[in-house]
Amino acid sequence: MFEVLQNDMLAPNVHRMVIRAPRIAKARQPGQFVIVHPESGGERIPLTIGDADPQAGTITLFIQAVGASTLKIVNTPVGDSLRDIAGPLGKPTEIEKWGRVACIGGGLGTAVLYPLAKALADAGNEVTTIIGGRSKPFIILADELKTFSKELLIATEDGSLGQKGFVTNVLQELIDAPDNRPHAVFAIGPVPMMRAVAEQTRPFGIKTIVSLNPIMIDGTGMCGGCRVKVGDETKFACVDGPEFDGHLVDFGLLMDRLSMYRETEAKILSELPEELRDKIIKVKR
Amino acid sequence: MNKKLTSKDRMAIERVKMPEQDPKRRNSNFEEVNQGLTEEQAIREAQRCLLCKTRPCVAGCPVRVRIPEFIAALAEGDLPEAARILLEENTLPAVCGRVCPQETQCEKVCVRGSKGSPVAIGYLERFVADWALAHPEKLPKENKPEPTGKKVAIVGSGPAGLTIAGELARMGHAVTIFEALHDTGGVLRYGIPEFRLPKRIVDIEVERLKNLGVEIECNVVVGKTVTLEELREEFDAVFIGNGAGLPIMLNIDGENLKGVYSANEYLTRVNLMAAWREDVPTPIIHGKRVAVIGGGNTAMDAVRTSKRLGAERSIIVYRRTEVEMPARNEEIQHAKEEGIEFILLASPIEILGDENGWVKGLLCQRMKLGEPDASGRRRPVPIEGDTFVLDVDVVVNAIGTRANPLLTATAPDLKLNKWGNIETDDNGATSLPGVFAGGDIVRGGATVILAMGDGKSAAVAIDKYLNQKN
Ligand SMILES: Cc1cc2nc3c(=O)[nH]c(=O)nc-3n(C[C@H](O)[C@H](O)[C@H](O)COP(=O)(O)OP(=O)(O)OC[C@H]3O[C@@H](n4cnc5c(N)ncnc54)[C@H](O)[C@@H]3O)c2cc1C
Ligand SMILES: Cc1cc2nc3c(=O)[nH]c(=O)nc-3n(C[C@H](O)[C@H](O)[C@H](O)COP(=O)(O)OP(=O)(O)OC[C@H]3O[C@@H](n4cnc5c(N)ncnc54)[C@H](O)[C@@H]3O)c2cc1C
Ligand code: SF4
Ligand code: SF4
Ligand code: FES
């Protein structure tokens, strides 16, 4: 059992949870994730390890409630436990010294980006962070990211915070200014956003790393359910990834496979109590 | 009374038929197909055994169950004694009695089989084992051994890991099992379906180990959560029984379409994650027409599962003929009774999709049998130009699994063969001192009983190693 020590809501239905998991806290590296199985008979849900404290034996997860299982997880009160957490899984981020890097987070992707951006900054890279969201309440972790970013730029669709528009608009400005053009880009967020960034950097030959979120079960390479196409090869995102070269990823296939269980998910949602259901539908797009 | 039975009397008895759920009913539920013998049936079947002096059946069993002895006790109606003898050699008899390929092992060489049908050793084993599970109080109490002060780590809780854990604990060693998934049992839990092996049996076996003092920690992925090196530092010896959990892909077009599963994913969703139950959120595509590719136990389990999930047509597509199928006979017969269709001498060449990325068909190549290959089975060869399309909406790939490199990739000094399996000597010792291995990670996809046999022999070797280490 994995005890929940802290549970804060950062944005509408985005929670930061600190959980006791000593073995994982000790072994974890940036870019890795865990699989949470909240209760007997529940689904197995992959979640990025946002942060870890090996001394205290804790890990931090950032979770957006988008369906029945994530909702169950974020509604676990402090003092209660999650039944199973396995990890750390996946390959750690390859932290290199690129020079100037742009780290782009969209929506909850910002949370997944956070440990990576921090590791890049710690390795001596000059990090420009761009975060985006629908409107001001959906912008998360701005203060935390500011502490190590050379510059933090924000884009909201309604202009309620930072620049009005998408993260790609901000990125374009960086690319267009020769002194600011990044040597590498890390983009994490909704699939359409990652695809747009990859298309944007491709003509300039800027190395672009994305983090993929296919449906997973075991996270150990056993089921093959998480397969994605990268270049000509089929890869298992849980063991070969989750980070891949964005210029090689078949985003269309990823999006398509993510929709595989849409009917079941909708049915499960429709059976939830109304108050809970409303909560999710508000943030889901 | 049985002593008075002459050989002629014994020969006159006909082999018992296993009571089964009606195929028409069972193909829509997940309850066990085989219902088990009654005591009367079991005793009568036991009387068919000729108690041969040469005991060929024992040699046919990989763990050398003392078959004539346990059967003789059963024939006498002495169930505690039958159970005691059985459990001496086989720690998971309720499992083996259900899933062992008896027809190629103990029953294959049974003398009774040369004139008629072999003694139903598997059924009898299951009967005695089930009796033992139901009457633990009638079995001799297990004495807690003197602790040796030695600690052994076991990686994986499949049949190999469970067996060696029990053996070592009985020798007084402190045993901890590390399991990657959130529940124990390995393939017994996530692969073999409820209708063939009720999970309650795995639960009871695991509970027995815990009572022996075995510690079990789930959610530990060795190679990720802890490394083999760390385990070697903390424990006096390590046994690796992490199975062969890596699906072999078909590598044909359309494999990434929605509705295409590896058997591992399909069965894990249904078994480990209980997708068959209405009250569980695990999603699975309920295909109307399902093609399962392969001819082994995994393929039979997947295809029969698809029927139970409501498929109108569930079809096995296999590139050789029924004779070459590696599945147990019983599974093939049961599948047929349940309305599973068999398309033989056919090999998939492409999975066809609709405009929304869902499976809509399976393009197959007709085959014929050619010359025997290395395994002695006749090699299937394509009949040029002879192809056909099966109209299906789910495809399950059950062509096999290989060694999963997750653990071994982080232990560069561990010697592997060219397929990625761990190399061991006959006692399970690997190239690293104090590290032993057995089961599917050494053999490739094999059987439950072979994995258990490996666990048993490695336990002896580890005990010896620990004593020498003193
Ligand atoms: C490597 C990785 C890291 C991730 N990190 C985070 C994170 O840090 N924070 C976070 O909030 N989310 C993260 N996700 C996404 C998260 O796993 C899904 O949002 C979650 O599984 C949805 O489950 P649900 O039952 O609540 O929603 P559902 O209603 O079941 O599904 C909503 C959508 O989530 C996706 N999904 C469903 N089941 C799974 C599954 N088992 N695995 C992956 N995706 C699934 C599908 O696209 C689905 O349409 C990550 C995913 C991956 C693969
Ligand atoms: C669907 C199916 C049906 C079958 N039917 C039969 C049958 O009827 N009769 C028969 O005799 N055989 C059958 N088999 C084969 C048989 O199940 C296997 O040969 C046997 O289970 C192998 O046992 P094992 O202990 O080596 O490995 P497994 O049973 O595979 O167990 C390995 C365990 O190790 C865990 N693990 C893996 N990696 C790690 C890691 N890095 N860290 C920690 N834990 C890890 C796994 O999660 C798993 O629990 C079947 C197999 C399948 C897939
Ligand atoms: S363990 Fe298997 S091979 Fe051995 S006697 Fe039992 S059924 Fe036969
Ligand atoms: S070979 Fe058959 S008949 Fe002979 S002892 Fe074994 S089970 Fe009995
Ligand atoms: S999640 Fe099963 S192989 Fe990746």
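Residues are numbered from 1 along each chain as its sequence is written, chains are lettered from A and ligands numbered from 1 in the order in which they are written, and hydrogens and water are left out of the side-chain values, which use heavy atoms. Because the model is predicted, local features need pLDDT of at least 70 and side-chain atom pairs count only at pLDDT 80 or more, while totals for chains, interfaces and linings use all residues.

Ligand 1 is surrounded by 24 residues, each with a heavy atom within 4 Å of it. The closest are Pro46(A), Thr48(A), Phe62(A), Gln64(A) and Thr70(A). By class, this shell holds 15 nonpolar, six polar and three charged residues (Ala, Val, Leu, Ile, Met, Phe, Trp, Tyr, Cys and Pro count as nonpolar, Asp, Glu, Lys and Arg as charged, and the others, Gly among them, as polar).

Several pairs of N or O atoms join protein and ligand as polar contacts, for which the limit is within 3.5 Å. The side chain of Glu43(A) places a polar atom 3.3 Å from an oxygen atom of ligand 1, and an N or O atom in the side chain of Glu265(A) is 3.0 Å from an oxygen atom of the ligand. From Arg44(A), a backbone N or O atom lies 3.1 Å from a nitrogen atom of ligand 1. Of the 850 Å² of accessible area that ligand 1 has on its own, the protein covers 89% (Shrake-Rupley method, 1.4 Å probe). Strand 4 (45-53), strand 5 (58-64) and helix 2 (68-74) of chain A each give two or more residues to the shell (DSSP runs, H or I of at least four residues for helices and E of at least two for strands, numbered from the N terminus). Strand 4 of chain A gives the largest share, four residues.

Over all chains, seven aromatic pairs are found (ring centres of Phe, Tyr or the six-membered ring of Trp within 6.5 Å; planes under 30 degrees apart are stacked, over 60 edge-to-face, the rest tilted). Phe62(A) and Tyr114(A) form an edge-to-face pair, 6.4 Å centre to centre with 70° between the planes. Both residues are buried (under 20% relative accessible area). The rings of Tyr114(A) and Phe148(A) have centres 6.1 Å apart and planes at 45°, so this pair is tilted.

How values were computed
A polar contact is a pair of N or O atoms within 3.5 Å; within protein, one must be able to donate a hydrogen and the other to accept it, and residues adjacent in sequence count only if both atoms are side-chain atoms. Buried means under 20% relative accessible area, exposed over 50%, partly exposed in between (1.4 Å probe, protein chains only).
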